[in-house]
Amino acid sequence: MFILPKTIYISEMSRRTAGALPAGPSQRVPALPDTPASNSDLASLFECVVCFDYVLPPIFQCQRGHLFCSNCRQKLTSCPTCWGPLGTIRNLAMEKVANSVLFPCKYASSGCEITLPPKEKADHEELCEFKPYFCPCPGVSCKWQGSLDAVMPHLMHQHKPLTAPQGENILFLATDINVPGAVDWVMMQSCFGFHFMVVLEKQENYNGQEQFFAILQLIGTAKQAENFAYRLELTGHRRRLTWEATPLSIQERIATAMMKSDCLVFDTSIAQLFAENGNLGINVTIVKC
């Protein structure tokens, strides 16, 4: 634990304010022992004056020593405290102190009690179980967010066309796949006491060619998703196209997986090999590891 170099004492006046007896002519107020600063006291020294988040390494300052977080630094043209110019001055002393302090998770107000060193804070917050969840429905401008327990009630009440068949093996049927433009097909699947979302998206790539992306998400945390595996399979006359992977958690973004092609990807010519009358069936199998 870091200890402030300056010794802190309670003055005689402050003792009187607290209700202590005044010191007489022959009385002396006893000196109090050095009091180490608490971890929360030290963490408060790193509060950004703009967004009130923590200023973590690398720590920059204005020419007068005022600190602000890296996110706010990118948006500022002058220091918000003294209005002085912003340089690229690093405060190495504060960086050293920061590395000895444990900072609370940004979702502490939602119930997270974990404190972490600066290097681990961002990774934890990305997957923190208290992080608010956004509506996982693709292609819908839904601004809802809430707790994990509230995701399924939201989906079933606000996105009513969704169905949730029970079973480890289902057939996901995407109709009218020849409709031009970007289209999304979504269906829920329930098994092993969990809910999963099967998503098929059609998008144009940078060459203007249409591609299909199929993926499965768990309505749960990334840690829970590690307990499952899934297989997506297209079958046709003497043809089979298969993708096997661990489900994506709704804490993770489908768009990121699609950008990395970390899902079942095929173009329109492949889709036509497996489609019947403009409809495409995908066999979905979920297993518990």
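**Reading backbone, sheets, cores and pockets**

Reply: Arg238 counts as exposed, at 80% relative accessibility. The model is a predicted one.

Me: Where is Arg238 found?

Reply: Most residues other than glycine have a negative phi, and most peptide bonds are trans. Arg238 sits in the loop between S12 and S13. These two strands form a hairpin with two residues between them. A second case is Asp176, whose phi is near 55°. Asp176 belongs to the loop between strand S8 (169-174) and strand S9 (183-191), and is partly exposed, with a relative accessible area of 48%.

Me: Which peptide bond is cis?

Reply: The bond from Pro57 to Pro58 is cis, with omega near 0°. Pro58 lies in the loop between helix H2 (39-44) and S1.

Me: How many bridges link S12 and S13?

Reply: Strand S12 (residues 228-236) and strand S13 (residues 239-245) pair in the antiparallel sense over seven bridges; in one of them, Leu232 is the partner of Trp243 in S13. S12 also pairs with strand S16 (residues 280-288), again antiparallel, over six bridges. There, Tyr230 has Ile286 as its bridge partner.

Me: Which residues of helix H5 are buried?

Reply: In H5 (residues 118-127), the buried residues are Pro118, Lys121, His124 and Glu125. Viewed down the axis of H5, the buried residues fall within an arc of 105°, so they line one face of the helix. Lys119, Ala122 and Asp123, on the other side of H5, are exposed. The buried residues of H5 pack against helix H4 (92-98), strand S4 (103-104) and strand S5 (115-116).

Me: How is a nonpolar core to be read?

Reply: In soluble globular proteins, nonpolar side chains tend to be buried together. Here the largest nonpolar core has 49 residues, and Leu155, Leu200 and Val284 have the most contacts inside it. Strand S11 (residues 210-218) gives the most to this core, namely six residues. Apart from this core lies another of 18 residues, including Leu42, Phe46, Ile59 and Cys79. Of the 289 residues of the chain, 36% count as buried.

Me: What does Leu155 touch?

Reply: Leaving aside residues up to four places away in sequence, Leu155 touches Cys135, Pro136, Cys137, Lys160, Leu162, Met188, Met197 and Ile219.

Me: What volume has the largest pocket, and which residues lie nearest its centre?

Reply: Rolling a probe the size of a water molecule over the atoms shows where empty space is left. The largest pocket has a volume of about 510 Å³. Its lining comprises 21 residues, and those nearest the centre are Phe134, Cys135, Pro136, Glu252 and Arg253. Strand S6 (133-134) and helix H8 (254-259) each supply at least two residues of that lining.

Definitions and conventions
Residues are numbered from 1 along each chain as its sequence is written. This is a predicted model: local features need pLDDT of at least 70, side-chain atom pairs count only at pLDDT 80 or more; totals for chains, interfaces and linings use all residues. Side-chain values use heavy atoms; hydrogens and water are left out. Buried means under 20% relative accessible area, exposed over 50%, partly exposed in between (1.4 Å probe, protein chains only). Helices (H or I, at least four residues) and strands (E, at least two) are DSSP runs, numbered from the N terminus. The arc is that of the directions from the helix axis to the C-beta atoms. Contact means heavy atoms within 4.5 Å. A nonpolar core is a set of buried Ala, Val, Leu, Ile, Met, Phe, Trp, Tyr and Cys residues joined through side-chain atoms within 4.5 Å. On a 1 Å grid over the protein atoms alone, a cavity is a set of points where a 1.4 Å probe fits but cannot get out, and a pocket is an open set with protein on both sides within 12 Å along at least five of seven lines; lining residues have an atom within 4 Å of a point. Grid points are joined across faces, edges and corners, and a volume is the space filled by probe spheres set on the points. Two strands pair if DSSP finds at least two bridges between them.
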